[in-house]
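Here are my notes for the file. Please read them with the model open.

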Protein chains: 2
Amino acid sequence: MAFTTKATITTFGGRLLKLVHQSAVTGTEMAVNVFLPGAKAPSATKFPVLYYLSGLTCSPENCSEKGFVHAAAAKHGIAVVYPDTSPRGLDLPAEHDAYDFGSAASFYIDADAATPYGKNYRMETYITKELPALLFKEFADLDASRQSITGHSMGGHGALTLYLKNPGQYKSVSAFAPISNPTLCPWGQKAFKGYLGPADSDITPESAAADPSAVPAAWKAHDATELVKTWSGDLKMLIDVGTGDNFYVAKQLLPENFAQAVKDAGLAGLTLRYQDAYDHSYYFISSFSQDHVDHAAKHLFA
Amino acid sequence: MAFTTKATITTFGGRLLKLVHQSAVTGTEMAVNVFLPGAKAPSATKFPVLYYLSGLTCSPENCSEKGFVHAAAAKHGIAVVYPDTSPRGLDLPAEHDAYDFGSAASFYIDADAATPYGKNYRMETYITKELPALLFKEFADLDASRQSITGHSMGGHGALTLYLKNPGQYKSVSAFAPISNPTLCPWGQKAFKGYLGPADSDITPESAAADPSAVPAAWKAHDATELVKTWSGDLKMLIDVGTGDNFYVAKQLLPENFAQAVKDAGLAGLTLRYQDAYDHSYYFISSFSQDHVDHAAKHLFA
């Protein structure tokens, strides 16, 4: 068994497993929580899988405890996988200095090999390849052919970009308050500078509009607003953003830029909802997580 | 306004208010969270109120964040009140030495005036009289004529005893893993000794069975298994206990004693469910909290 089970907790008629395993991709031990429903949907022989990518500062615990995802997942018979937000147990340069870079702030990308993070911060490969392979090998009840992905804030960025970069891998995608245009917001620019290398000059929305080539191509490759421009087909995408979300107000999220790019590309299948007065917290996520599981179920059981 | 609002959080279509106020009963500032639904039930002119009493070590935050009470409360149009588990800001003898006595461990009783806790630890009066009076004075949307009560562990003890001691005040009661016979379990004996004064001799289930008068009358007055013996009428009571609950296994909860007392008294209206493999945590509470709100709604809207 590749996984060591640290805890098995009965909840909503199923089981939440708190697992750890050695990752060859990150070179570290990785924590992951997995919710296994108690019963499959009537037509299902295996459980489809919904990945939930957490936001800055979080671990697999936050959404497991506070997201209210399991009520709907149990109802539909969907397994939920909560990966960690970065490798742990390292001490890379500046890794633990700030809440928005390094530990618990991987942004779900593979850091450039030329940076101090290149060896271990390979979360894109971990989330899309290594972790699924291990899960489907060890848990025969999980259906490798039916996966969807969702996430919050930094994890919403992760969900949108990994979905857009891997056509066919996920049946649908959704996001709560996602960082939707990271190359043009402070959080994203700081992360991409550290993980991918700096831009030649400071980038503002105005300078990027005047000269799009000022944004490094390596950064654009991890920006949902850029990636969606070349998407073809139905987006199968649900996004919720609270209008009382301080980070939305501070233009860290920029869902309006993403929506404009979708519109400019003439794409169908984006449902973007602005939820009046909701904030950035799990009080917001829990209020709408059942809608997001229902959205995934619609496509996983289509 | 008797209350100071520390935060207003939109959730499940309503608002969670984090309040503090000065209590004349405890002589301290008290924290309380209040969930106000966004819409009333069709037949309602005001919101009925469900009190949730938390367990050892908790504050109003735990269940507000992790209990998933608001989904069902919003659906029914029920306000939820989360009082704190003790006065705060004091430094009474041994108050902060252990998790199961003193701060966050009031057991929702009025401590005897002869103990160091008598002046401030008057939670029974606070929960049943002062707090409701303040809430109904300040929030015109709350219906003083329709209250129910629930709670977890120590708060389950609180819910059961305050319901049984105040016939008519609450329309129904429920509890998650309640301390159901505190005079015969270590948690209850420690608390009652400290808050009410010691017994003449150590009490075991066997010694109490041989000589019931060995249990002080002042202790029995706060023990649901004792109080239910003189109840008349339908109990309107729902209790859930997990069979994988370490504290149930360790005989801290003793719901079996309570059930026996109900049976011996020939009372109707107790639904006691043993939930297979569930533990003592909010993973258990959240799995069944919607049932408990539904139970309260049945009686609040009867």
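Which side chains meet in a salt bridge at 2.6 Å, N to O?

1. The pair is A:Glu61 and A:Lys18. This is a predicted model, so every point below carries that caveat. A:Glu61 sits in helix H1 (residues 60-66) of chain A, and A:Lys18 in strand E2 (residues 14-22) of chain A. The two are 43 residues apart, so the bridge links distant parts of the chain.

2. A:Lys18 has a relative accessible area of 19% and is buried, because buried means under 20%. A:Glu61 is at 23% relative accessibility and counts as partly exposed. I would read these two labels together with their percentages.

3. A second bridge in chain A joins A:Lys40 and A:Asp141, with the closest N and O atoms 3.6 Å apart. A:Lys40 lies in the loop between strand E3 (29-36) and strand E4 (47-53) of chain A. A:Asp141 lies in the loop between helix H3 (123-138) and E6 of chain A. The pair therefore ties together parts that are 101 residues apart in sequence. Both ends are partly exposed: A:Lys40 at 31% relative accessibility and A:Asp141 at 36%.

4. How many salt bridges does the structure hold over all chains? The total is 23. Some share partners: A:Asp240, A:Arg273 and A:Asp291 are joined into one network in this way.

5. Across the interface of chain B and chain A, the rule finds 1 salt bridge. Its partners are A:Glu65 and B:Lys66, with the closest N and O atoms 4.0 Å apart. The cut-off for a salt bridge is 4 Å. B:Lys66 is in helix H1 of chain B and A:Glu65 in helix H1 of chain A, so this pair joins two chains. A:Glu65 counts as partly exposed, at 27% relative accessibility.

6. On the side of chain B that touches chain A, the elements giving two or more residues are strand E1 (3-11), strand E2 (14-22), helix H1 (60-66) and helix H11 (282-300) of chain B. H11(B) gives the most to that side, with 4 residues. By class, the side holds 8 nonpolar, 7 polar and 5 charged residues.

7. Now the extent of the interface. The contact takes 20 residues from chain B and 19 residues from chain A. About 1800 Å² is buried between the two chains, and carbon and sulfur atoms give 59% of that area. In chain B, the residues that lose the most area to chain A are B:Thr10, B:Phe68 and B:Tyr283. Together they account for 39% of what that side buries.

8. Where does UniProt place the feature "active site"? The unreviewed entry puts it at A:Ser153, A:Asp245 and A:His280. These positions are spread over 128 residues of sequence, yet they cluster in space, with a largest C-alpha distance of 10.8 Å.

9. A:Ser153 is found in the loop between strand E6 (142-151) and helix H4 (154-165) of chain A. Is A:Ser153 buried or exposed? It counts as buried, at 3% relative accessibility. Beyond its neighbours within four places in sequence, A:Ser153 is in contact with residues including A:Gly55, A:Phe176, A:Trp187 and A:His280.

10. A:Asp245 has its place in the loop between strand E8 (237-242) and helix H9 (246-249) of chain A. Its relative accessible area is 0%, so A:Asp245 is buried. The side chain of A:Asp245 reaches the backbone nitrogen of A:Phe247 at 2.8 Å. Leaving out residues up to four places away in sequence, A:Asp245 touches A:Ala177, A:Leu253, A:Tyr278, A:Asp279 and A:His280.

11. One more site, this time in chain B. B:Asp100 is found in the loop between strand E5 (79-83) and helix H3 (123-138) of chain B. B:Asp100 is buried, with a relative accessible area of 10%. Its side chain makes a polar contact with the side chain of B:Lys190 at 2.7 Å. Setting aside residues up to four places away in sequence, B:Asp100 also touches B:Leu56, B:Ala105, B:Phe107 and B:Trp187, among others.

How values were computed:
Residues numbered from 1 in each chain as written. Chains lettered and ligands numbered in written order. Predicted model: local features only at pLDDT ≥ 70, side-chain atom pairs only at ≥ 80, totals over all residues. Heavy atoms only, no water. Contact = heavy atoms within 4.5 Å. Buried area = accessible area lost by both parts, 1.4 Å probe. Nonpolar A, V, L, I, M, F, W, Y, C, P; charged D, E, K, R; others polar. UniProt positions renumbered as here; feature names shortened; annotations may be inferred. Buried < 20%, exposed > 50% of the residue type's maximum accessible area, 1.4 Å probe, protein only. Polar contact = N/O pair within 3.5 Å; in protein donor to acceptor, adjacent residues only side chain to side chain.
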